[in-house]
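Here's a model to pick apart, one label at a time. Let's ask what stands behind each word.

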Amino acid sequence: MRIRIVDAFTDRPFAGNPAGVLLLDSFPDDDRLQKIALEVNHAETAFAHPLPEGGDADWALRWFTPATEVAMCGHATLATAHVLHTTGAHEGPVRFATRSGVLIATPGEEGSITLDFPTAPLTPVEAPEGVAEALGARPRAVFDTGPNIGDLLVEVADEKTVRGLDPDHRALAAYSERGVIATARAEDPARGYDYVSRCFFPNVGIDEDPVTGSAHTALAPHWSARLGRPDLTGLQASPRSGRVRTVLRGDRTLLGGRAVTVIDGELLA
């Protein structure tokens, strides 16, 4: 099997979020997929195979963390579309059949790719008891993000607070299906981004995800409502860092970014 490591939501290597990408003829059994994802040991490994022509989708796509399969992943979808386009395996927009429905990735100028994902439904909730202590910051507002994302979205005071978070990951695991998204308005929008975030996903084996496309399907409606604009740019302020362009279109959110292949090799086992 050919295996590639792709840094997503960045235009330079060793930044953004790395994902394993394997293009297959068909999916092997789930245990083998999970073992490969554990061996790759990045936040996500994507597995894709072509589908017959004439259907609703072009490729089947699944995503695995080192610990489990997930229902939605933005950065590994971007990475897979990047591999398809740069290798000539697919031209033009690609439709992926996934557990979250058909997701479309459209190539743009200078290697950019735009993902069309379902917008996360945000439901305001009371801050759970103990979440402030686990996160290390007092919430300003808290939202449930619905079944596809499975996170608790927590707005905190400011960008400095987001950047300084040092949460208790084990304690955070109690508050949602996947984890917690912490966010705040950008201190200085002149720097090229409108809001910041960090994502902590202990329930799927990821203490901190470097750049999370799926989380931006919840961040986009939250900050578009706050800032009064559908087109925004989010900075995920992890140590690797990355930027996600978001466009809110009702029940769909467009996620834009670039990707870089950093490793291209062969899986021998």
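Q: What makes Leu22 or Phe64 a contact of Phe47?
A: Contact means heavy atoms within 4.5 Å. Setting aside neighbours within four places in sequence, Phe47 is in contact with Leu22, Leu24, Phe27, Leu33, Ile36, Ala37, Ala60, Leu61, Arg62 and Phe64. This is a predicted model, where local features need pLDDT of at least 70 and side-chain atom pairs count only at pLDDT 80 or more, while totals for chains, interfaces and linings use all residues. Residues are numbered from 1 along each chain as its sequence is written, and side-chain values use heavy atoms, with hydrogens and water left out.

Q: Why is Phe47 called buried?
A: Buried means under 20% relative accessible area (1.4 Å probe, protein chains only), with exposed over 50% and partly exposed in between. Phe47 comes in at 0%, so it counts as buried. Phe47 sits in strand 3, residues 44–50; strands are DSSP runs of E, at least two residues, and helices are runs of H or I, at least four, numbered from the N terminus.

Q: Why does Thr77 count as buried?
A: Its relative accessibility is 1%, so Thr77 gets the buried label. Thr77 belongs to helix 2, residues 74–87, and touches Leu61, Trp63, Phe96, Leu115 and Phe117, leaving aside neighbours within four places in sequence.

Q: What makes a set of residues a nonpolar core?
A: It's a set of buried Ala, Val, Leu, Ile, Met, Phe, Trp, Tyr and Cys residues joined through side-chain atoms within 4.5 Å. The largest one here has 48 residues, and those with the most contacts inside it are Trp63, Val94, Phe96, Ala105, Leu115 and Leu219. Helix 2 gives the most to this core, six residues.

Q: Which residues does Leu219 touch?
A: Not counting residues up to four places away in sequence, Leu219 touches Leu153, Ile181, Thr183, Tyr195 and Ser197.
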